[in-house]
Amino acid sequence: MVKMRSFQRGFITLAALVLVIVLTACSSNAETSSGGKLQVTATTGMIADVAREVGGAYVDVTGLMGPGVDPHLYKASQGDIRKLEQAKVIFYNGLHLEGKMTDILEKMSSSKLVTAVTETIPVEELHSGKDTGGTEYDPHVWFNVSHWMHAAEAVRDTLVEADPDHAEEYKAQAEAYLAKLEVLDAEVREKILEIPEASRVLVTAHDAFGYFGQAYGMKVMGLQGISTAAEYGAKDVSELRDYLVDNHIKAVFVESSVPAKAMEAIIAGAAQKGHTVNIGGELFSDAMGAEGTEEGTYIGMIRHNVETIVEALK
Ligand code: ZN
C-alpha cells in the first residue's frame, strides 16, 4: 500500500514536470514566421523541393531527410520533432513511405496543417508492391512525373489554405512549376526510346521504380521489395542473378540511399556463371543529390537518373 502511494506521488511529480516542459517548449516555439514567411517542414528532399518551387519567396522550407537518407528506415530525432513543432504546415509523402514517423505525424495533425502530398492521386493510379500481398501501396509515386504533378497541386492547395493572403502567388508559381513538370514528363518518355526495346530492363537494389517502369515502358526488378525494411534472402539473390544471366542484362544500378553491397553480390554471382554485369551508375531513388547540385532538385534528379539509365543500356 505504502509502495503504491509513493509510486502515485512519483507519477504526479513526473506529470507536472512534463507539463512544465511542454508549456516552456510551446512558448518558445511560437508557430509563427521568421521574417513574415510561412514556416513549412517537409520530410523528403523531393517534397521540400516542390514546396520551395510552389511557395517561392513566401515560405521558409525545412527538409528533414538529406542526401543519402533512406525514408523507409528513418526515425525522427529530437531536432526533427522541434522542426515539426515549429512549422505551421507539414508535408509528407504518405503511403507508408515514412513508416517510422506515422505516429508523430498523426500527433502533429491535431494542431496544424499536415498534408500527405500523395493523397490526391487517384487510387486507381496506385499499385501495390510484389511482396505486400496487395495490402500496401507502392509509395514511390515521384517516379511518374505526372503523379508528382498531383503532389505539386496538393502542396499548392495547402499553402493557399494556410496563407490565403498569397493565394494568387502560390497559384501562379504552381502553374509555372507544373508546366516544367509536363515538359519533363515528355522528355523522359522520349529519352527511354533510345534504349533498344529488349534492353529496357531496370534492375535496382529495391523496388523504387515501379511507377517509373509503368509510365515510361521499362521492366523493373528490385532485389528488395518496395520497402528497404523488408529482408531479402539467398533465394532473391540467386533468382535475380539467374535473370541477369538468362536475359543477358548488361547493367544494374545502385541507389544513393541503399548500401551497394547487395548489388555487388549479384554481380559477383553472375560473373561466376560467366556473364559480365556492370554497375550502370548510381540512381537517386528515395533521396535527392547534394544541395546546390543539379541532382539536388527533383527535376535534376529525374534527369540524372534517366541519362544514367539510357547511357548504360542503350
Ligand atoms: Zn524506397
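Contact here means heavy atoms within 4.5 Å, and this is the sense in which packing is described in the legends that follow, all of which refer to a predicted model.

**View 1. Helix H6 and the elements packed around it.** The buried residues of H6 pack against strands S1 and S2 and against helices H2 (45–55), H5 (145–162), H7 (210–216) and H10 (298–313). Those buried positions are Ala167, Tyr170, Ala174, Tyr177, Leu178, Leu181, Leu184, Asp185, Val188 and Ile192.

**View 2. Parallel strands S1, S3 and S4.** Strand S1 (residues 38–42) runs parallel to strand S3 (residues 89–92), to which 3 bridges join it, and within this pairing valine 40 has valine 89 as its bridge partner. S3 also pairs with strand S4 (residues 113–116), again in the parallel sense, over 4 bridges, with tyrosine 92 standing opposite alanine 116 of S4. Between S3 and S4 the chain passes through helix H4 (residues 102–108), which gives a β-α-β crossover that is right-handed.

**View 3. The zinc site.** The zinc ion has four protein donors, namely NE2 of His72, NE2 of His140, NE2 of His206 and an OD atom of Asp286, which lie 1.9 to 2.0 Å from the ion. The angles among the 4 donor atoms are 93 to 124°, and the site is tetrahedral. For comparison, the ideal angle for four tetrahedral donors is 109.5 degrees. Along the chain the donors follow the spacing H-x67-H-x65-H-x79-D.

**View 4. The protein chain as a whole, for orientation.** The secondary structure of the chain comprises 10 helices and 8 strands, and buried residues account for 47% of its 314 residues. Of the contacts between residues at least 6 apart in sequence, 70% join residues that are at least 24 apart.

Note on methods:
Residues are numbered from 1 along each chain as its sequence is written. This is a predicted model: local features need pLDDT of at least 70, side-chain atom pairs count only at pLDDT 80 or more; totals for chains, interfaces and linings use all residues. Side-chain values use heavy atoms; hydrogens and water are left out. Two strands pair if DSSP finds at least two bridges between them. Helices (H or I, at least four residues) and strands (E, at least two) are DSSP runs, numbered from the N terminus. A crossover is right-handed if, with the strands pointing away from the viewer, the path from the first strand over the helix to the second runs clockwise. Buried means under 20% relative accessible area, exposed over 50%, partly exposed in between (1.4 Å probe, protein chains only). Donors are N, O and S atoms within 2.8 Å of the metal (3.2 Å for Na, K and Ca); water is not among the atoms, so sites may look incomplete. Four donors count as tetrahedral if all angles lie between 85 and 135 degrees; four count as square planar and six as octahedral if opposite donors are over 155 degrees apart and all others between 65 and 115; anything else is irregular.
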